[in-house]
Amino acid sequence: MIYVERLNGSAIWLNPLLIESIESTPDTIVTLTTGHKYVLLDTPEGIVEKSVEYLHRIGIAGALQGRVDAGQ
């Protein structure tokens, strides 16, 4: 899980494996595969950085890398 903050400053922990999209409108909106949307203080770049760090920490970043490279 990654720690992020909502616009009102409250903390929320998100599972980065469920992130479907991240928008900057200018607020950061994260949409999960469950359909839930969160408006956050964190930047899209910060969320991606935290997500990559999380994937490395749980040991699946390398497994997903091949899928990302194949899609480019």
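# Close-up views of a predicted model

View 1. Leaving aside its neighbours within four places in sequence, D42 touches Y3, V4, E5, T28, I47 and K50. The structure shown here and in the other views is a predicted model. D42 belongs to the loop that lies between β5 and α1, and with a relative accessible area of 13% this residue is buried, because the limit for that class is under 20%. Two of the residues in contact with D42 are also its polar partners: the side chain of D42 reaches the backbone nitrogen of E5 at 2.9 Å, and a polar contact of 2.8 Å links the side chain of D42 with the side chain of K50.

**View 2. The aromatic pair of Y3 and W13.** The structure contains one aromatic pair. This pair is formed by Y3 and W13 in an edge-to-face arrangement, with 5.4 Å from centre to centre and 65 degrees between the planes. Since Y3 is part of strand β1 (residues 2–5) and W13 is part of strand β2 (residues 11–14), the pair ties together parts that are 10 residues apart in sequence. The two partners fall into separate accessibility classes: Y3, at 34% relative accessibility, counts as partly exposed, whereas W13, at 52%, counts as exposed.

**View 3. The hairpin of β1 and β2.** Strands β1 and β2 run antiparallel and are joined by four bridges, and I2 stands opposite L14 of β2. Five residues lie between the strands of this hairpin, in which G9 adopts a positive phi near 90 degrees. In a regular strand, side chains alternate between the two faces of the sheet.

**View 4. The largest nonpolar core.** Twelve residues make up this core, namely I2, V4, I12, L14, V30, L32, Y38, L40, I47, Y54, L55 and A61. At least two residues of the core come from each of β1, β2, β4, β5 (37–40) and α1 (44–58), and α1 gives the most, with three residues. For A61, a member of the core, the contacts beyond its neighbours within four places in sequence are with L55 and H56.

**View 5. T31 in strand β4.** T31 is placed in strand β4 and is buried, its relative accessible area being 9%. When neighbours within four places in sequence are left aside, T31 is in contact with L18, I19, E20, S21, E23, H36 and K37.

**View 6. The cis peptide bond between T25 and P26.** T25 and P26 are joined by a cis peptide bond, for which omega is about 0 degrees. P26 is found in the loop between β3 (19–24) and β4 (28–32).

**View 7. The whole chain, for orientation.** The chain has two helices and five strands, and from the N terminus on its elements follow the order β-β-β-β-β-α-α. Of its 72 residues, 26% are buried, and the accessible surface of the chain comes to about 4,800 Å², with 55% of that area belonging to carbon and sulfur atoms. Among the contacts in the chain with a separation of 6 or more, 36% are accounted for by residues 24 or more positions apart.

Key
Residues are numbered from 1 along each chain as its sequence is written. This is a predicted model: local features need pLDDT of at least 70, side-chain atom pairs count only at pLDDT 80 or more; totals for chains, interfaces and linings use all residues. Side-chain values use heavy atoms; hydrogens and water are left out. Rings of Phe, Tyr and Trp (its six-membered ring) pair if their centres lie within 6.5 Å; planes under 30 degrees apart count as stacked, over 60 as edge-to-face and the rest as tilted. Buried means under 20% relative accessible area, exposed over 50%, partly exposed in between (1.4 Å probe, protein chains only). Two strands pair if DSSP finds at least two bridges between them. Contact means heavy atoms within 4.5 Å. Accessible areas come from the Shrake-Rupley method with a 1.4 Å probe; for residues, only the protein chains shown count as cover. A nonpolar core is a set of buried Ala, Val, Leu, Ile, Met, Phe, Trp, Tyr and Cys residues joined through side-chain atoms within 4.5 Å. A polar contact is a pair of N or O atoms within 3.5 Å; within protein, one must be able to donate a hydrogen and the other to accept it, and residues adjacent in sequence count only if both atoms are side-chain atoms.
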